[in-house]
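Subject: Structure for you to look at

Hello,

Here is the structure I promised to pass on. Please open it next to this email and follow along.

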Amino acid sequence: MPFSEIYLLMLLIILVMMTSLWLVSIIIRNVSIVDIFWGPGFVTASVFYFLTTDGFESRKILITALTTIWGLRLSLYLAWRNIGRGEDFRYREFRRKYGEKRYWWISFFQTFLLQGVLMWIISAPLLGAQYYGTSKAPGIPDLAGIIVWIIGFSFEAGGDYQLAAFKSNPRNKGKVLDKGFWRYTRHPNYFGDSAVWWGYGLICLGAGSYLPVLGSVLMTLLLVKVSGVALLEKTLNIEKPQYKEYIRRTPAFFPWFPKK
């Protein structure tokens, strides 16, 4: 099948999945389930691309395996963190703003459809890496992609683990975590997520596919400017006064040694 046909078929699959998820959210009155599905959505996309493309086999296996590890780890972590704790504060605020009688259908466009379309666009490197490069064995760009992915996965998973352990201690309530990965960046999980997707982008480049790498660019922009760093910083500045000192000495995104 042509690249465009495979890509458009994936859009249709994602729309069906997100619509089904939206219907479930109406029944249980919890939009937060969309976050748990974010990772597995990309796993589904990568597996679909694996089954419908004729790229270099070892590269296809590599990027699908990396996507599966990343996506399932993220989903299990969010499920452990969110299930049983009610709807996330972001969606509660939207529900209050739009009203219970309207939010059930607004949430489809504002959250489920939007995230579905973003998921589809961002998944482009996963397709580019598996569709192109039929005669190009993995080389230096692929190796660089693996290294960047490992760094990103370590920051994301390690940062999540350290934050969960920090929050589990009642003595840390109201305090700011500034140890481990959090010593070098205020958002190791978001930096790690971005690096993971640049790992996929480099593997995509290794296949000789360039335009789909824009999916990695979009993921980074979302993490830094929209739903990640920018949104969370506003909340933390209000909730934790000592966060301003943490901002002064710790880089926001790219890891570096803290200022004295």
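At what angle do the axes of helix α6 and helix α8 cross? They cross at roughly 30°. The two axes come within 8 Å. To find the helices, look at residues 124-131 for α6 and residues 188-206 for α8. Angles under 35 degrees count as roughly parallel, so α6 and α8 are roughly parallel to each other. Their crossing is left-handed.

Now zoom in on the contact. α6 brings Pro125, Leu126, Gly128 and Ala129. From α8 come Trp197, Tyr200, Gly201, Ile203 and Cys204. Sorted by class, this contact has seven nonpolar residues and two polar ones. It has no charged residues.

The model is predicted. Its average pLDDT is 93, and 97% of the residues score at least 70. Confidence is highest in α6, at 98. It is lowest in helix α10, residues 229-239, where the mean is 67.

Then zoom out to the whole chain. Its secondary structure comes to eleven helices and zero strands. Read along the sequence, the pattern is therefore α-α-α-α-α-α-α-α-α-α-α. The C-alpha trace spans about 55 × 50 × 25 Å along its principal axes.

What radius of gyration does the chain have? The value is 19 Å. A compact globule of 260 residues would have one near 18 Å, so the chain agrees with that.

Best wishes

Methods
Residues are numbered from 1 along each chain as its sequence is written. This is a predicted model: local features need pLDDT of at least 70, side-chain atom pairs count only at pLDDT 80 or more; totals for chains, interfaces and linings use all residues. Side-chain values use heavy atoms; hydrogens and water are left out. Axes are lines fitted to C-alpha atoms, for helices over the stretch in contact, and angles run from 0 to 180 degrees between N-to-C directions. Helices (H or I, at least four residues) and strands (E, at least two) are DSSP runs, numbered from the N terminus. Angles under 35 degrees count as roughly parallel, over 145 as roughly antiparallel, 65 to 115 as roughly perpendicular and the rest as oblique. A crossing is left-handed if the near helix is turned anticlockwise from the far one by less than a right angle, and right-handed if clockwise. Contact means heavy atoms within 4.5 Å. Ala, Val, Leu, Ile, Met, Phe, Trp, Tyr, Cys and Pro count as nonpolar, Asp, Glu, Lys and Arg as charged, and the others, Gly among them, as polar. pLDDT is the predictor's confidence in each residue, from 0 to 100. The radius of gyration is taken over C-alpha atoms; the globule rule is 2.2 Å times the number of residues to the power 0.38.
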